[in-house]
Structure formats: structure tokens, C-alpha cells
Amino acid sequence: MQRFRKRTIKHDGVIGGNMNETEYLYYVWLTHINGIGPVIGKKLLSIFKSPRVIYNLNFGELSRAEGIGSEAAKKIAKARDLGISEYIIKNCIDKGIKITVIDDDIYPEILKKYNNIPLLFYYSGTLFKSLTG
């Protein structure tokens, strides 16, 4: 994680939105847990508000969350490694790929009305909040 923390990521850099750059690390982590898709991820975020908070919860805390279940809680509790997330973000920085997450100010509003939307996506170029289908 040291390499990621040393880099300053500006709004027009790899991070597309308005959050603290470290939060993106936890979003990448959450979206790469096998068996945890956007529906469960969105449910977790509605309960705990932040992927960093989710990362720091233990199995008991996760399994008591309404609608999560013990299997999902077990998968999350076992996935306590940020190495892949750091690698992905480093590659995005190196290749000029940007990241936006569902809580960003630039995440397209049209996508938010669907249940099975990605919590995070990668893009290049300019992303407009008023994106239309």
C-alpha cells in the first residue's frame, strides 16, 4: 500500500470523482471479492456507508447485517488483502485509466436507477454525469 499512498492523484488523474483517494482502494477491493457482486455490494454500502468500514468488519459483524448472510460474510472476512487493489490502481495510473465509483459526484445518474449496476468502473476520456443511454 505504500506505493499508492505516495502518489498524489488529482481530479483529472486516475481517480475520476470527488472522494479521498484511499477510498478508491477499498472500492476496488470490494468489487474484486469472488461471489460479491453489485447487488450485495450495494446492500453493504447502504448499511455500512463505506468500503473501508466493510473491510474492517469481522465475520460476526458482517453476518449480522440484514440481507448479507453467512456465506457472503465469510467471503468478505477472508478477503483482507489490498495487494490486488494496489496493483490495479498502479496499473490504472501507469496507463492513464480513470476510475469512478457509485458514490462519486460524476457517476452517471442514469445508471443509479438500476439495481444491478457496477459499484465501480474504469474509463478513459471524459465522463459526464448527465450521460444518457
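From the N terminus on, the elements of the protein chain follow the order α-α-α-α-α-α-α-β-α-β. The model is predicted.

**View 1. Overview of the protein chain.** The chain holds 8 helices and 2 strands. Of its 133 residues, 41% are buried. Among contacts between residues at least 6 apart in sequence, 57% join residues at least 24 apart.

**View 2. Helix 2 and its buried residues.** Helix 2 spans residues 21-31. This helix is mostly covered, with 9 of its 11 residues buried. The buried residues are Thr22, Glu23, Tyr24, Leu25, Tyr26, Tyr27, Val28, Trp29 and Leu30.

**View 3. Packing of helix 2 against helix 7.** Helix 7 comprises residues 83-95, and its axis lies 8 Å from that of helix 2. The two helices pack at an angle of about 115°, which means that helix 2 is roughly perpendicular to helix 7. Their crossing is right-handed. Helix 2 contributes Tyr24, Leu25, Val28 and Trp29 to the contact, and helix 7 contributes Ser85, Glu86, Ile88 and Ile89. By class, the residues of this contact comprise 6 nonpolar, 1 polar and 1 charged.

**View 4. Serine 85 at the contact with helix 2.** Serine 85 is located in helix 7 and is one of the residues that this helix brings to the contact with helix 2. Its relative accessible area is 2%, so serine 85 falls in the buried class, for which the cut-off is under 20%. Leaving aside residues up to four places away in sequence, serine 85 touches Leu25, Val28 and Trp29. The side chain of serine 85 also reaches the backbone nitrogen of tryptophan 29, at 3.0 Å. Tryptophan 29 is itself among the buried residues of helix 2.

View 5. Glutamate 23 belongs to helix 2. With a relative accessible area of 14%, glutamate 23 is buried, again by the cut-off of under 20%. Its side chain makes a polar contact with the side chain of arginine 52 at 3.0 Å. When residues up to four places away in sequence are not counted, glutamate 23 touches Ser50, Pro51 and Arg52.

Technical notes
Residues numbered from 1 in each chain as written. Predicted model: local features only at pLDDT ≥ 70, side-chain atom pairs only at ≥ 80, totals over all residues. Heavy atoms only, no water. Helix = DSSP H or I, 4+ residues; strand = E, 2+ residues; numbered from the N terminus. Buried < 20%, exposed > 50% of the residue type's maximum accessible area, 1.4 Å probe, protein only. Polar contact = N/O pair within 3.5 Å; in protein donor to acceptor, adjacent residues only side chain to side chain. Contact = heavy atoms within 4.5 Å. Axes fitted to C-alpha atoms, helices over the stretch in contact; angles between N-to-C directions. Parallel < 35°, antiparallel > 145°, perpendicular 65-115°, else oblique. Left-handed = near helix turned anticlockwise from the far one by under 90°. Nonpolar A, V, L, I, M, F, W, Y, C, P; charged D, E, K, R; others polar.
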